[in-house]
Amino acid sequence: MIFRATVLTLFPDMFPGPLGHSLAGRALESGLWRLDARDIRESATDRHRSVDDTPFGGGAGMVMRPDVLDAALAAVADDRPLLYLTPRGAPLTQAVVRGLAAGPGVVLLCGRYEGIDERVIEARALQEISVGDYVLSGGEPAALVLLDACVRLLPGVMGAADSADEESFSSGLLEYPHYTRPADWRGRRVPDVLLSGHHAEVAAWRRREAERITRERRPDLWAAHLAGLRAGAVATASGTP
Ligand SMILES: C[S@@+](CC[C@H](N)C(=O)[O-])C[C@H]1O[C@@H](n2cnc3c(N)ncnc32)[C@H](O)[C@@H]1O
């Protein structure tokens, strides 16, 4: 099964953009995933090929029309999840990314202007996803972020050397610090334990550092991590798998 991404956008030339380079670009070229960026305007039916209109109830800006968006979605809908990128969506987390990367692909709807008519979200049961608590001018950069995060997890995309197993979020913690040569750079020395060749001590140090960084920088992740550990301990004590 090849991961297929369809992006519905008013700016199809923005794709593949950064996804045409490096890891994702090589994977795209070698057919490990597919990308189809479609112009929403092609689904417009009036003389001016309009895709937006003024908001009912008044207010600033324009809203993307439900009939045009529905036609664009109908042309590509299959068994893949339909996602609308929006700041009010569920946060894009590594767990969400893992789930999407394990599936057949995604159809991504990129909004512009003030956003899209609510009725198409309901009618097509669009899953709303946000890439962060800030407002972009359009869904395209968010779609690029989501696809980049998914594609690198697809089988064959990352080499064994770039394993995702120890990355930030893989165990609910942020990642430990990395160092490379020179061992002494402007008087800043690499921690001795990393030069010791003692694998168990290196692993323990990395674990402690990952915990410290998560505790200091992301109290929300740290609390979730502790809750997970407590739940695991309770399950073990009660014999629940
Ligand atoms: C200017 S924004 C609209 C913002 C909207 N009026 C609001 O206040 O939530 C235009 C489009 O950018 C995209 N967008 C903006 N911020 C985003 C975010 N944080 N995550 C995902 N998509 C975003 C959405 O597709 C949205 O329809």
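Where is F169 found? F169 belongs to the loop between α5 and β8; helices (H or I, at least four residues) and strands (E, at least two) are DSSP runs, numbered from the N terminus.

## About the model

This is a predicted model, in which local features need pLDDT of at least 70, side-chain atom pairs count only at pLDDT 80 or more, and totals for chains, interfaces and linings use all residues. Residues are numbered from 1 along each chain as its sequence is written, and side-chain values use heavy atoms, with hydrogens and water left out.

## The ligand and its shell

Let's turn to the ligand. It is surrounded by 20 residues, the closest being Y84, L85, G111, Y134 and L136; a residue is near a molecule if one of its heavy atoms lies within 4 Å of it. By class, the shell has 10 nonpolar, 8 polar and 2 charged residues. Here Ala, Val, Leu, Ile, Met, Phe, Trp, Tyr, Cys and Pro count as nonpolar, Asp, Glu, Lys and Arg as charged, and the others, Gly among them, as polar.

Strands β5 (82–91) and β7 (127–130) each supply at least two residues of this shell, and β5 gives the largest share, 4 residues.

## Polar atoms around the ligand

A polar backbone atom of Y134 is 2.9 Å from a nitrogen atom of the ligand, and one of T86 is 3.3 Å from a ligand nitrogen atom. On the oxygen side, a ligand oxygen atom is 3.5 Å from a polar backbone atom of G138. On its own, the ligand has 580 Å² of accessible area, and the protein covers 83% of it (Shrake-Rupley method, 1.4 Å probe).

## Backbone features in the loops

The bond from F15 to P16 is cis, with omega near 0°, and P16 is in the loop between β1 (3–9) and α1 (22–29). R181 and P182 are also joined by a cis peptide bond, with omega about 0°; P182 is in the loop between α5 (140–151) and β8 (184–185).

R49, in the loop between β2 (33–39) and β3 (52–53), has a phi of about 50°. R49 is partly exposed at 39% relative accessibility, where buried means under 20% relative accessible area, exposed over 50%, and partly exposed in between (1.4 Å probe, protein chains only). Back at F169, phi is near 80°, and this residue is partly exposed, with a relative accessible area of 36%.

Definitions and conventions
Polar contact = N/O pair within 3.5 Å; in protein donor to acceptor, adjacent residues only side chain to side chain.
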